[in-house]
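Here is a short briefing on one protein model and its ligand. Look over the sequence and the 3D view, then read on.

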Amino acid sequence: MKAKDATMNLYSQSLHYGNGVFEGIRSYATSDGTKIFKAKEHFERLQHGCKVMSIPFDYNWEELERICYELLRQNNLQDAYIRPIVNAGTNMGLQSATNSTLSIQCWAWGKYMGETLLKVKTSPYKRPHPESCHVEAKVTGHYINSILSTNDAKNTGFDECLLLDHNEMVAESSGGNVFMEKDGKLFTPKKGSIMPGITRQTILELCDELHIEVEEKGFTLEELKNADSAFFTGTAAEVAGIMSLDDYLFPLEWKESLGYLLSKLYLNLVQGKKSESTLLA
Ligand code: PMP
């Protein structure tokens with residue numbers, strides 16, 4: 001149905017207390033037609049989120065993928081963003097609602113051609129403590145943290161924020177994972193305080209295929225401000241190069257960095273150019 005004709009339950013627990021779970025998925029025009037990138041991984045994360053938040057959800061990923069393809073077809077979309085959201089049903093109390101509704105929205109999301117590098121600010125806000133909530137789940141309420149830190153960065157003239165975790169270790173941005181390059185090797189924070197991004201995992205797999213050395217390991221802000229280059233990864237932003245962090249300028253030319261190479265490989269992959277030779281073309 002048209003979004004303008006849909007209704008929302010005013011007593012939904014998601015609306016009042018942020019107990020909803022969502023996903024952000026991309027589809028791409030490829031030589032084999034429209035392809036949704038890593039639908040299984042996204043829907044499994046959605047299922048996991050519902051499970052940990054005790055929100056009833058009984059679709060399987062194949063069924064959800066079919067629905068998404070049908071939604072794209074009916075909207076005549078190829079390069080698109082797909083937003084499934086599971087909203088908890090009526091409950092003004094604080095135990096999870098016993099029913100839920102799924103909606104899936106989609107909109108056009110064109111190819112990003114530019115290579116504008118980001119000016120990043122270290123956020124005064126920390127990522128939520130992993131013992132306070134399920135940070136690995138894409139729960140609507142968690143995004144208050146991303147909104148606060150994005151507002152702070154944008155209001156002070158930056159493009160994006162970088163958040164530390166409760167141990168003062170580098171965590172991630174408002175909606176993406178972070179990688180740094182030092183002496184030809186990549187580092188990315190290990191799982192624990194971060195959203196385990198599907199793009200992050202894809203980058204790790206690409207590095208493995210191409211024998212690029214990469215380590216999942218905690219690092220400090222000081223270490224990051226001594227790196228040669230850095231980038232964020234996420235479904236929406238894909239691979240986004242970072243120009244500076246606070247007043248530190250990353251010294252390596254972006255086009256000479258591993259991040260730049262991986263950004264090209266990632267685009268080839270999502271557009272369905274799979275073999276290693278075409279990946280490097
Ligand atoms: N971190 C946060 C906080 C996010 O919201 C996202 C987007 N889901 C990511 C990282 C990147 O995840 P993905 O690569 O799966 O989009």
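A nitrogen atom of the ligand sits 2.7 Å from an N or O atom in the side chain of Lys 138. Such a pair is a polar contact, meaning N or O atoms within 3.5 Å; within protein, one must be able to donate a hydrogen and the other to accept it, and residues adjacent in sequence count only if both atoms are side-chain atoms. This is a predicted model: local features need pLDDT of at least 70, side-chain atom pairs count only at pLDDT 80 or more, and totals for chains, interfaces and linings use all residues. Residues are numbered from 1 along each chain as its sequence is written, and side-chain values use heavy atoms, with hydrogens and water left out.

**Around the ligand**

- The side chain of Thr 235 places an N or O atom 2.6 Å from an oxygen atom of the ligand.
- Arg 45 has a polar side-chain atom 2.9 Å from a ligand oxygen atom.
- The protein buries 96% of the 390 Å² that the ligand exposes when taken alone (Shrake-Rupley method, 1.4 Å probe; for residues, only the protein chains shown count as cover).
- There are 16 residues around the ligand, and Lys 138, Tyr 143, Glu 172, Thr 199 and Thr 235 come nearest (near means a heavy atom within 4 Å).
- The shell holds 3 nonpolar, 9 polar and 4 charged residues (Ala, Val, Leu, Ile, Met, Phe, Trp, Tyr, Cys and Pro are nonpolar; Asp, Glu, Lys and Arg are charged; the others, Gly among them, are polar).
- Helix H5 (198-209) and strand S12 (229-234) each give the shell at least two residues (DSSP runs numbered from the N terminus: helices are H or I, at least four residues; strands are E, at least two).

**Nonpolar cores**

- The largest nonpolar core has 21 residues; Ile 36, Phe 43 and Ile 82 touch the most other members.
- A nonpolar core is a set of buried Ala, Val, Leu, Ile, Met, Phe, Trp, Tyr and Cys residues joined through side-chain atoms within 4.5 Å.
- Another core, of 20 residues, lies apart from it and includes Phe 179 and Tyr 260.

**Positive phi in loops**

- Ser 54 is not a glycine, yet its phi is near 55°.
- Ser 54 lies in the loop between H2 and H3 and is partly exposed, at 48% relative accessibility.
- Buried means under 20% relative accessible area, exposed over 50%, and partly exposed in between (1.4 Å probe, protein chains only).
- Asp 183, also not a glycine, has a positive phi of about 50°.
- Asp 183 lies in the loop between strand S9 (177-182) and strand S10 (185-188) and is exposed, at 66%.
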